[in-house]
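These are my notebook entries on a single structure. I looked up its surface, its charged pairs and its backbone.

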Amino acid sequence: MHLSTSQTRALSDLMRLVANATDGNELRERMALPLLDLLRADTYVSMVWDGEKQRFGRTTALNMSEENLRSWDDYFRFVDPLTYPMMQRRKPTLATQVLCQTDLSRTEFFNDFLRRDRMYWGVNVYFYDRERCVGDVRIWRNRERGNFDTGEIEILNLVEPAITGALSRLGWKESAPAIEQGESAEATLQREGRLSKREAEVAWLVSCGCPDKEIQSRLGLEYPTVRFHLGNTFKKLRVANRAALVGRVRAMLAHQEHGGTATAIAMPGASTEEATTPSAFATQVLRQRNAPQQIRPN
């Protein structure tokens, strides 16, 4: 099994997350980016099976629309030819091991559900602690990437015991613990998304509704530079547009407000006294839009 440099880094990130995790829901959410990088994939979904209700819940996803997620729970789970057979196998399983691609492509599930988000090649892993399924990951590739190979199944077999152990140990809390007090949103985005300082600033301002020209003014950058940082952010966070970026940034920052502690966030170029909380930041940005801006030199 040979790993590229980016895959090695993703594997390291994943195992560090697993080792340091304090909440199962947060772990499943934060595994999305390293697992997509590790498997060179495009879409990530994770759910938890509730044996009493006989339903999946606690859904988290990356690069899959909320509408499509709702449609699976409302209807497509009843015609899904893959999920339950893959779950019964209790090991990393390709979609094509359950149903050949030609047959899958003829189904309603494929044409009206999977194709909406360009999901073509899939692999699922269900994490079992004895007889209890403590979570899963469902990872999909666009058609042009080709199917997953045996090496990538080996990778999943390698990480599965550690993820199972962590999810079994952690269980599910109503809220994830807050991150270190005093960490800025910018620092969180740099740490969680491997963004540069400028990329984090741009992503943060986009999430607060600022258009590119306003970001240009606030950060004292040239317009092409703003677009350059925005493009890099799209690639690193694996999103296709501004709306998806906003959702991803909000998800990465959301756990800051859990546990009754809000992390202070300072406007780029603002003093410590001007810090505000994540929930108030967007309001501050909008309030300041018509006010003269003092541009800080690079």
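Entry 1, surface patch. I take a patch to be made of residues with over 30% relative accessible area and no salt bridge, like charges being joined within 9 Å and nonpolar side chains (Val, Leu, Ile, Met, Phe, Trp, Tyr) within 5 Å. For a salt bridge I require a side-chain nitrogen of Lys or Arg within 4 Å of a carboxyl oxygen of Asp or Glu. Accessible areas come from the Shrake-Rupley method with a 1.4 Å probe, and for residues only the protein chains shown count as cover. On these terms I found a nonpolar surface patch of about 280 Å², made by Tyr75, Phe78 and Val79. I placed Val79 in the loop between helix H4 (66-74) and helix H5 (83-89), helices (H or I, at least four residues) and strands (E, at least two) being DSSP runs numbered from the N terminus.

I note that the model is predicted: local features need pLDDT of at least 70, side-chain atom pairs count only at pLDDT 80 or more, and totals for chains, interfaces and linings use all residues. Residues are numbered from 1 along each chain as its sequence is written, and side-chain values use heavy atoms, with hydrogens and water left out.

I recorded 15 helices and 5 strands. The accessible surface comes to about 14,700 Å², of which 49% belongs to carbon and sulfur atoms. I use buried for under 20% relative accessible area, exposed for over 50% and partly exposed for values in between (1.4 Å probe, protein chains only). Buried residues make up 49% of the 298 residues. I also looked at contacts (heavy atoms within 4.5 Å). Among those between residues at least 6 apart in sequence, 63% join residues at least 24 apart.

How many salt bridges does the structure hold? I find 25.

Asp13 is buried, at a relative accessible area of 14%, whereas Arg16 is partly exposed at 44%.

I then turned to Arg40 and Glu152, whose side chains meet in a salt bridge (3.0 Å, N to O). This pair links distant parts of the chain, 112 residues apart: Arg40 is in the loop between helix H3 (32-39) and strand E1 (43-50), and Glu152 is in helix H9 (residues 150-170). Is Glu152 buried or exposed? Glu152 is buried, with a relative accessible area of 4%, while Arg40 counts as partly exposed at 38%.

Lys197 and Glu186 form a further salt bridge (3.9 Å, N to O). I placed Lys197 in helix H11 (residues 197-207) and Glu186 in helix H10 (residues 185-193), 11 residues apart. Lys197 is partly exposed at 41%, and Glu186 is buried at 14%. I also noted one network, in which salt bridges that share partners join Glu26, Arg30, Arg191 and Glu192.

Arg58 has a positive phi of about 50 degrees although it is not a glycine, and it lies in strand E2 (residues 55-62). Arg194, also not a glycine, has a positive phi of about 55 degrees and is found in the loop between H10 and H11. Arg58 counts as partly exposed at 40% relative accessibility, as does Arg194 at 42%.
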